[in-house]
Amino acid sequence: MNLTRRRFVQLSALAAATSVAKARAGVNVLAENDKPGAEIKWDKAPCRFCGTGCHVRVGVQEGKVVAIQGDQLAEVNKGLLCVKGYHVGAILYGKDRLTQPLLRKNGKLEPISWDEAVEVIAKRIQANPKSFAMYGSGQWTIPEGYAALKLMKAGLSNNHIDANARLCMSSAVTGYLSTYGVDEPAGCYDDLDQCDVLILWGNNPAEMHPVLFSRVVDRRSRGEKITLIDMGTRRTRTTEYADHYMEFRPQSDLAIANGIAHLLIKNGTYDKDFVAKHCNFRGDTDPVSLNGQAISFDDFKKSLETYTPEYVEKISGVPAEKIRLLADLFGDRKLRITSLWCMGMNQHTRGTAINRLVHGVHLLSGHFGRPGDAPTSLTGQPSACGTVREVGTLSHGLPGGRVVANAEHRAEMEKHWNVEAGRIHPTPGHHTVLMWEKFCTPTEQGGDIDTVWVQVTNPGQSLPNLHKLFRGKKNLENKFLIVSDVYPTATTELADLILPAALWVEKNGIYGNSERRTQQWFKMVNPPGQARPDCWMTLAVARKLYDLGLPGLRDKDGKFLFRFTDDSGKEVPVWDFAHYYDTNVDRALYEDYRPLTALKHKNVAPYDELIKARGLRWPVVEQKDGSWRETKFRFSEFDDPFVKKGAEFQFYHSVTKDDRALIWFCPYEPAEEEPDKEYPFWLCTGRVLEHWHTGTMTMRVPQLNGSMPHAYLEMNPEDARERGFANGEIVIVASRRGRIKLPVWLNGRARPPRGTLFVPFFDERLLINEVTLGAVDPHSKEPDYKKCSATVCKLSEEDKLAPLAKR
Amino acid sequence: MSVPDFSTHKKAIWIAIAILLTTSVSGFFMGLRQTNSEARAAAAEEEHHDNADSTLSHDVPRIVDYRGLAKTNYKANASWENNLGKLKQPAADLYAEIFPDDAARDVAIRERATRRAYDGAPPVVPHPVDQISPANCMACHGEGAQIKGRIASKMSHPFMQNCTQCHVPVTGPEIKLRGQAGEALALNDFIGFMSPGKGTRAYEGAPPTIPHPTSMRSDCMSCHGPNGVAGLKTSHPYRQSCTQCHAPSAELDQRLFEHSVFPPKAPEVSGK
Amino acid sequence: MPISGLLLTLNDNTVARSETLAALRARSEFELGDCFGSWLPVAMDAPDDEDSRQLHDWIASLPAVEFVDVVSVHFDDDKSPVTEISEVQL
């Protein structure tokens, strides 16, 4: 079309005015999309965020994600999402996506090619394979985690691979392992539809698992009665829906659980039949060990004697009659009781112990294994279960519930991977906190990790005690940090090499949610610029190492450790990105991994079944008619195909090898660091509804950022008044380890009791983890982010604070 | 001359101190509790008194400084009123004549779009909310309300209990971190799919189809009823059964069950 | 013969908006862009400076218009075609 000059000027004037209008409205484009809905292509995917595992329908138009719907065919969410889920499409389109590999040269990040980047990593590993570590997360897809694990444990004979799930659910793992002998919940979300009583142990699902929370409270709209009991250290949005709120002193949840057990036994209301048939009793050894030692029922009873309701009240602050109320509920076998917990119980220096106790209360009272009767831990990441727990991407783990310390397990994996015997190192590698401590310690002082490759996580923000565990890297010349990510983060700030990664539906993937549900999705759009999938990066580095002649990258027959073939059996060079999508790498890796899950009866579904389903809950077992059946209630005869006929319940991986679960006694013990004169407050950290984890994705979504633009300090208004803090005033939060400045928010999201502080950790500009403790649970090595002692003061009083502890 | 009764004096002093304390403490807390909306309301009232020409003060946005004016997108309480007598809404006239108007619909749909990331996204809340309890939402949105031209839509999914799970305030908490606002981080190129506007008609005079998904929008009257937005209102609110004539889309409502089984093949988008 | 890009800030009274849009559409001097939230971009082609000023005032008097920003002005005479972009706070 020919434009006259005048017309051109008119259009330019209009365009200029339009761009200003757009900028002011803060809306990107509204008008250009007036097209009928039918042109959108819809496909399914699990949500990118938490461990709930909602399915979304992703609407793609002209190669871009343009809309999201809750998937009505998904059992998890039945069409509903939370505000993060509804906006998940926008996480792909933040302005500052990383789009090319960047290498730090003389302190400055400079663009390099992928070939160069892969070579830099490979040479770094080749120079010293033993001092290389990989740090991933529960956001790794199953194939990504499996490839990384195989590269490390089989390729490099190196067990220094761990995942951030260590920081969020490893105490749940040790709790399940030491109670049932095998990880992951017996129940599932169906319990939420059936329970009469829901007990939340230090959990705020109204904000953190909103879809599951709605699944319960929306039952009230249908006229159903659910008794909601909120046990917590501060009043939250969840409390608003609760029938009973029990506010306990931090750390004293162990006393409450013991108090319930005490009354069940004293009142004779425990389930004698269930206990006699299906349980053994267990206590700690000295020093403590994961599986402890057998104790008798009388020992158990005696240990609990001191935990009278009055004694529990003294420790926890929960009135004795409320402890009695809990014991009466558990003592009533007619009720269906479900317990939920998440970080409150897991990020706990006594995390394993409190997990055992909550399982114990359910087992002792027989509230187990019937729909609605279940102790279930929730996860915070989309594949903490699928990738980290099931694939075993932890320093001690191997796929399918195997561990490196077990010779049989090693031999099975060596056979499966076709490598010579002895290839897998028998000693567990460094767990997360130790890995970063070693990385931040000079080599000559025993810091035996020189290079860390971080994938899909942000330790520069999420590790505790950041000055010690992350910033320490800063002045160490020979330490090298490689980070694959989608946006600049607190971690990329110190990175020597940054790799731009594909995100969510920009690649194929498989996740596993909190209820044992394995979920698959296909790539729907292209990643921006040169961003590529993490799985490809791992395979490309593996191939480069093979080319450089590192012997570990060859199997027994001298072939490359990772072989992918097309339909005709010809090898596909997937390490060359031009050929990465010539075959479905996800399917190949997953199908290679799938048989490994049978050992612990965690049989995951075939890839082709996953394609058809909105996720399937393992064990998934093939039926006579060739169909595949998922399992909702593990260890229960009526649903679990692996339970012997007539057994009713069977804990077939029992620690004691007699098909029984263990009821533990673990005493209450004071926290690692309790408030004192100098640091008189408890400091707790956590999440908020709008932001997920370190906010890398959600902070880039205008609707979420607008609602919660920065972190804040939540405290009791009385405490604020005493210190003369006004609402919104910037104050200092300090511990022995660090201090940060942030605004006080009074009467905001939650109501903390006197003497407690809460700061969310999503804000990369206000790093509360410079203040947190980093003390870990002895079994799970999971740090306690929920408790440390801290103080607050006005900006003008900073000089009165005690000096920081030496780093 | 008698000696002053010391005990009476003491009592008076104590009462005075008590009054003083009560006032200061409650004043302090009133100060703490003051939210943005209250502050804005107060400012609006102040300006109202200052302004001799009160007719002006109604429609002109009251913003303190010029730079702020350009940025403000939030005028929820601009016409703040505390005279309850003036807030009464008339009963909806179901038989009032409504003339469908393309321009007005266009405006209404664009207006809707400013509060949604894409058509079907939960709208953000254009006013501050009670951060901890959703109970207050229902006061206006439970049955819907129209007060002096401002519309609080009736909630179209009343079985849902946790309002703030999906609807978050666009304004954020009342505390602000100056100089470090995270807006820069939130620059985003996401382009949401927008409402196509009208449904389709089989022929002139045929009832139009429903152009949007009906999930969470089961109560048609919350937008199309007499208390709805001009431009979206139905011309026949007295009719009760909407879907008798207006067909929803099976595609948008996820009722194409044969599509639920995804064909077992590699995706069409290639990564190259 | 100035051509200007204007940015109108509209109030949210939908009735007033319809009237305003109709009034603008009825005049050949204006070309309307797509409305974003409260902001409507408009291109105005006026015969001369004086008309330009009067049209500006007329726009400001429309019922839904709260504010008129001048984004750009093009003074279209043959000798010196100059486009000036005013500094508008984005």
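This is a predicted model: local features need pLDDT of at least 70, side-chain atom pairs count only at pLDDT 80 or more; totals for chains, interfaces and linings use all residues.
**Entry 1**

I looked up how helix H4 (residues 142-155) of chain A sits against helix H16 (residues 384-391) of chain A. Their axes come within 9 Å and cross at roughly 25°. Angles under 35 degrees count as roughly parallel, and H4(A) and H16(A) are therefore roughly parallel to each other. I noted the crossing of H4(A) and H16(A) as right-handed. On the H4(A) side the contact is made by Ile142(A), Gly145(A), Tyr146(A) and Leu149(A), and on the H16(A) side by Gly386(A), Thr387(A) and Val391(A). Sorted by class, the contact of H4(A) with H16(A) has four nonpolar and three polar residues, and no charged ones.

**Entry 2: H5 and H15**

Next I took H5(A) and helix H15 (residues 351-364) of chain A. They pack at an angle of about 45°, with their axes 8 Å apart. That makes H5(A) oblique to H15(A). The crossing of H5(A) and H15(A) is also recorded here as right-handed. Among the H5(A) residues that make the contact I listed Ser171(A), Gly175(A) and Tyr180(A); those of H15(A) include Asn355(A), Arg356(A) and His359(A). I sorted the contact of H5(A) with H15(A) into four nonpolar, nine polar and one charged residues.

**Entry 3: the second largest pocket**

I then turned to the second largest pocket, which holds about 970 Å³ of space. Its lining has 44 residues, and Leu177(A), Leu290(A), His396(A), Gly401(A) and Val403(A) lie nearest its centre. Two or more lining residues come from each of helix H5 (170-180), H16, strand S15 (397-398) and strand S16 (402-403) of chain A. Which element gives the largest share of this lining? I found that H5(A) does, with four residues. By class, the lining of the second largest pocket has 16 nonpolar, 18 polar and ten charged residues.

**Entry 4: the largest cavity**

Last, I looked up the cavities, and the count of those of 30 Å³ or more is nine. The largest cavity has a volume of about 710 Å³. I counted 40 residues in the lining of the largest cavity, with Met343(A), Gly344(A), Thr685(A), Gly686(A) and Lys786(A) nearest its centre. Strand S9 (227-232), helix H14 (343-346), strand S26 (681-686) and strand S30 (756-760) of chain A each supply at least two residues of this lining. The largest share, four residues, comes from S26(A). I noted 13 nonpolar, 21 polar and six charged residues in the lining of the largest cavity.

Terms used:
Residues are numbered from 1 along each chain as its sequence is written. Chains are lettered from A and ligands numbered from 1 in the order in which they are written. Side-chain values use heavy atoms; hydrogens and water are left out. Axes are lines fitted to C-alpha atoms, for helices over the stretch in contact, and angles run from 0 to 180 degrees between N-to-C directions. Angles under 35 degrees count as roughly parallel, over 145 as roughly antiparallel, 65 to 115 as roughly perpendicular and the rest as oblique. A crossing is left-handed if the near helix is turned anticlockwise from the far one by less than a right angle, and right-handed if clockwise. Contact means heavy atoms within 4.5 Å. Ala, Val, Leu, Ile, Met, Phe, Trp, Tyr, Cys and Pro count as nonpolar, Asp, Glu, Lys and Arg as charged, and the others, Gly among them, as polar. On a 1 Å grid over the protein atoms alone, a cavity is a set of points where a 1.4 Å probe fits but cannot get out, and a pocket is an open set with protein on both sides within 12 Å along at least five of seven lines; lining residues have an atom within 4 Å of a point. Grid points are joined across faces, edges and corners, and a volume is the space filled by probe spheres set on the points.
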